[in-house]
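Reader: I'd like to go through this one feature by feature, with the general idea before the particular case. Can you walk me through it?

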Amino acid sequence: MQFSTLITLTVATSMAVLSAMAAPTGPKCGTVCPDVYQPVCAKAIDGLNKVFGNACELKNFNCKHPNANFVVVAESDCKDFVAVDKQAADADADADAAAAAAAPKCDTICPTVYQPVCAKAIDGLNKAFGNACELKNYNCKHPNANFVTVADSECKDIPAPTPVCNKVCAEIFKPVCAKLQSGKSQTFSNACEMDVFNCEHPNDKAQLVANVACPATPTPAPACNKVCPMNYAPVCAKIQSGETKTFGNTCELNVYKCEHPTEKVEVLSSAACAAN
């Protein structure tokens, strides 16, 4: 009897040992974490964000919940990370799809017929379209332009809108020198006045040269007619140097005056000057 009992106990013990050896060894998820708050923000595979007190706590959580599989996204709390609600995201996607379906279709296939229309936008710009269908498509794709038909033709005969020029400038004298397209230099009292000029003269715009007045341009000397008649009708005149001078005739006297505009010439007689 004692022998039989001994055999029974030996067999039971062996089976227990074998059972323990055959049992799979699972991960140990009870790691004791330090009592230190060093938050980490982690994201699960479903997009949910979750904050853990430290990296050790995250490791323990993943160990106990292997299907969550949280991954660190920031070494801080999750205040700056918005949690992703899958249902809300799906709802937003459905709303976007519905809005896209409800949006007007701007890809109407237009006929390849050239029946031009001229249209004007809300900013006054004229634009020609191949036909009314193309205009409709353009307005659909660019609702802020809002082109309106002004003529069933090209825009050649429709004058471009005249720009509205701001003519109110401050009464400040800060002269600027500019060169016009015509080649002429012009001084403006300030830059604002130059801008007004450019607005009003688009075909002769001024380009800034210097932030000072343009230098004075000397008046060109007049072209003097030097062709005089050959008749001798002497004139005696006193020139600025004080000496007297005889000219062959009045024409020659006038040529002298033209060529010496700064000199004072005084006619003494209608005859040759007396010899000194």
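Author: Happy to. Let's begin with how a helix starts. At the start of helix 2, a side-chain oxygen of Asn54 comes to within 3.1 Å of the backbone nitrogen of Cys56. Bear in mind that this is a predicted model.

Reader: Where else does a side-chain oxygen reach a backbone nitrogen at the start of a helix?

Author: At the start of helix 5, where a side-chain oxygen of Asn190 reaches to within 3.2 Å of the backbone nitrogen of Cys192.

Reader: Before we go on, what is the mean pLDDT of the protein chain, and where is confidence lowest?

Author: The mean is 80, and 77% of the residues reach 70 or more. Helix 1 (residues 2-22) has the lowest confidence, with a mean of 50, while strand 10 has the highest, at 94.

Reader: And how many helices and strands does the protein chain have?

Author: Six helices and twelve strands. The chain has 276 residues, and 24% of them count as buried. Among its contacts with a separation of 6 or more, 52% are between residues 24 or more positions apart.

Reader: Back to helix 2, then. Which of its residues are buried, and what do they pack against?

Author: Buried here takes a relative accessible area under 20%. In helix 2 (residues 55-64), Cys56, Leu58 and Asn60 are the buried ones. The buried residues of this helix pack against strand 1 (40-43), strand 2 (49-52) and strand 3 (71-74). Helix 2 lies across those three strands and runs at about 125° to strand 2.

Reader: How should I read the sheet under that helix?

Author: The general idea is that strands of a sheet pair through backbone hydrogen bonds, either parallel or antiparallel. In this case three strands make an open sheet in the order 2-1-3, with antiparallel pairing. Strand 2 and strand 3 stand at the edges with a single partner strand each, so one side of each has no neighbour in the sheet. On average, neighbouring strands of this sheet are turned by 45° against each other, direction ignored.

Reader: How many bridges join strand 1 to strand 3?

Author: Three, and the two strands run antiparallel.

Reader: Let's turn to the cysteines. How many disulfides does a search of the whole structure find?

Author: Nine. In general, a disulfide is a covalent bond between the sulfur atoms of two cysteines. One of those here is the link of Cys118 and Cys155, with the sulfur atoms 2.1 Å apart. The pair links distant parts of the chain: Cys118 is in strand 4 (residues 117-120), and Cys155, 37 residues apart from it, is in the loop between strand 6 (148-151) and strand 7 (176-180). Both Cys118 and Cys155 are buried.

Reader: Is that link right-handed or left-handed?

Author: Right-handed, with 115° about the S-S bond. For contrast, look at Cys169 and Cys192, joined with an S to S distance of 1.9 Å. The torsion about their S-S bond is about -75°, so that disulfide is left-handed. Cys169 sits in the loop between strand 6 and strand 7, and Cys192 in helix 5 (residues 191-200), 23 residues apart. Cys192 is partly exposed, at a relative accessible area of 25%.

Reader: Which cysteine does a disulfide join to Cys236?

Author: Cys273, at 1.9 Å from S to S. This link is right-handed, with 110° about the S-S bond. Cys236 lies in strand 10 (residues 235-238) and Cys273 in the segment after strand 12 (266-269), so the pair ties together parts 37 residues apart in sequence. Cys236 is buried, with a relative accessible area of 5%, and Cys273 counts as buried at 17%.

Reader: And which strand pairs with strand 10?

Author: Strand 11 (residues 244-247), in the antiparallel sense over four bridges. Within that pairing, Ala237 has Lys245 in strand 11 as its bridge partner. The two strands form a hairpin with five residues between them, and Gly242 in the turn has a positive phi of about 105°.

Terms used:
Residues are numbered from 1 along each chain as its sequence is written. Side-chain values use heavy atoms; hydrogens and water are left out. Buried means under 20% relative accessible area, exposed over 50%, partly exposed in between (1.4 Å probe, protein chains only). Contact means heavy atoms within 4.5 Å. A polar contact is a pair of N or O atoms within 3.5 Å; within protein, one must be able to donate a hydrogen and the other to accept it, and residues adjacent in sequence count only if both atoms are side-chain atoms. A disulfide is a pair of cysteine sulfur atoms within 2.5 Å. Two strands pair if DSSP finds at least two bridges between them. Axes are lines fitted to C-alpha atoms, for helices over the stretch in contact, and angles run from 0 to 180 degrees between N-to-C directions. pLDDT is the predictor's confidence in each residue, from 0 to 100.
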